[in-house]
Amino acid sequence: MIVTHGNGPQVGLLALQGAAYKPDEAYPLDVLGAETEGMIGYLIERELENALGHDRAVATLLTQVIVDAQDPAFGYPTKFVGPVYSKDEA
């Protein structure tokens with residue numbers, strides 16, 4: 001079985017925390033992505049191990065993807081990184 005998770009909200013939260021703490025030393029989004037992949041993977045792994053009674057091996061795998069910087073989809077994003085604010089909140 002493979003379980004995947006999109007981590008945009010978690011990456012955004014870490015980016016906001018980094019910007020509030022030391023904005024000139026903030027980590028780039030790929031590093032924040034790896035950090036949240038590991039964190040979410042650990043949480044899913046722990047829950048699966050508990051649900052399966054520790055009878056099966058469970059592993060977390062961090063991955064990287066090569067994307068085309070010219071992909072037109074980048075001009076029309078559908079998944080946001082971090083919180084989405086209403087006009088009044090913004």
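**Before you click**

Residues are numbered from 1 along each chain as its sequence is written, and side-chain values use heavy atoms, with hydrogens and water left out. Because the model is predicted, local features need pLDDT of at least 70 and side-chain atom pairs count only at pLDDT 80 or more, while totals for chains, interfaces and linings use all residues.

**Stop 1: the whole chain**

Start with everything selected and colour by secondary structure. The protein chain has two helices and zero strands. Here helices (H or I, at least four residues) and strands (E, at least two) are DSSP runs, numbered from the N terminus.

Now zoom out. Along its principal axes, the C-alpha trace spans about 50 × 35 × 30 Å. What is the radius of gyration of the protein chain? It is 16 Å, whereas a compact globule of 90 residues would have one near 12 Å. That radius is taken over C-alpha atoms, and the globule rule is 2.2 Å times the number of residues to the power 0.38.

The protein chain exposes about 7,800 Å², with carbon and sulfur atoms supplying 58% of it. Accessible areas come from the Shrake-Rupley method with a 1.4 Å probe, and for residues only the protein chains shown count as cover. Buried residues make up 13% of the 90 residues. For a residue, buried means under 20% relative accessible area, exposed means over 50%, and partly exposed is in between (1.4 Å probe, protein chains only).

You'll find 5 positive and 13 negative side chains, and the centres of the two sets lie 5 Å apart. Lys and Arg count as positive and Asp and Glu as negative; His and the chain ends are not counted. Each charge is placed at NZ of Lys, CZ of Arg, CG of Asp or CD of Glu.

**Stop 2: Thr36**

Select Thr36, which sits in helix H2 (residues 29-51). Is Thr36 buried or exposed? Thr36 counts as buried because its relative accessibility is 1%.

Show side chains around here. Those of Thr36 and Asn7 are joined by a polar contact of 2.5 Å. A polar contact is a pair of N or O atoms within 3.5 Å; within protein, one must be able to donate a hydrogen and the other to accept it, and residues adjacent in sequence count only if both atoms are side-chain atoms. Leaving aside neighbours within four places in sequence, Thr36 is in contact (heavy atoms within 4.5 Å) with Asn7, Gln10, Val11 and Leu14.

**Stop 3: along H2**

Slide over to Ala34, also in helix H2. Ala34 has a relative accessible area of 35%, so it is partly exposed.

Not counting residues up to four places away in sequence, Leu29 touches Val11 and Ala15.

**Stop 4: the loop**

Pick Pro28, in the loop between helix H1 (8-21) and H2. Pro28 is partly exposed because its relative accessible area is 45%. Pro28 and Pro83 are 55 residues apart in sequence, with 18 Å between their C-alpha atoms.

**Stop 5: after H2**

Select His54, in the segment after H2. Its phi is near 60°, a positive value in a residue other than glycine. With a relative accessible area of 54%, His54 is exposed.

Finish at Gly75, which is also in the segment after H2. Gly75 is exposed, at 51% relative accessible area. From Gly75 to Tyr21, C-alpha to C-alpha, is 30 Å in space and 54 residues in sequence.
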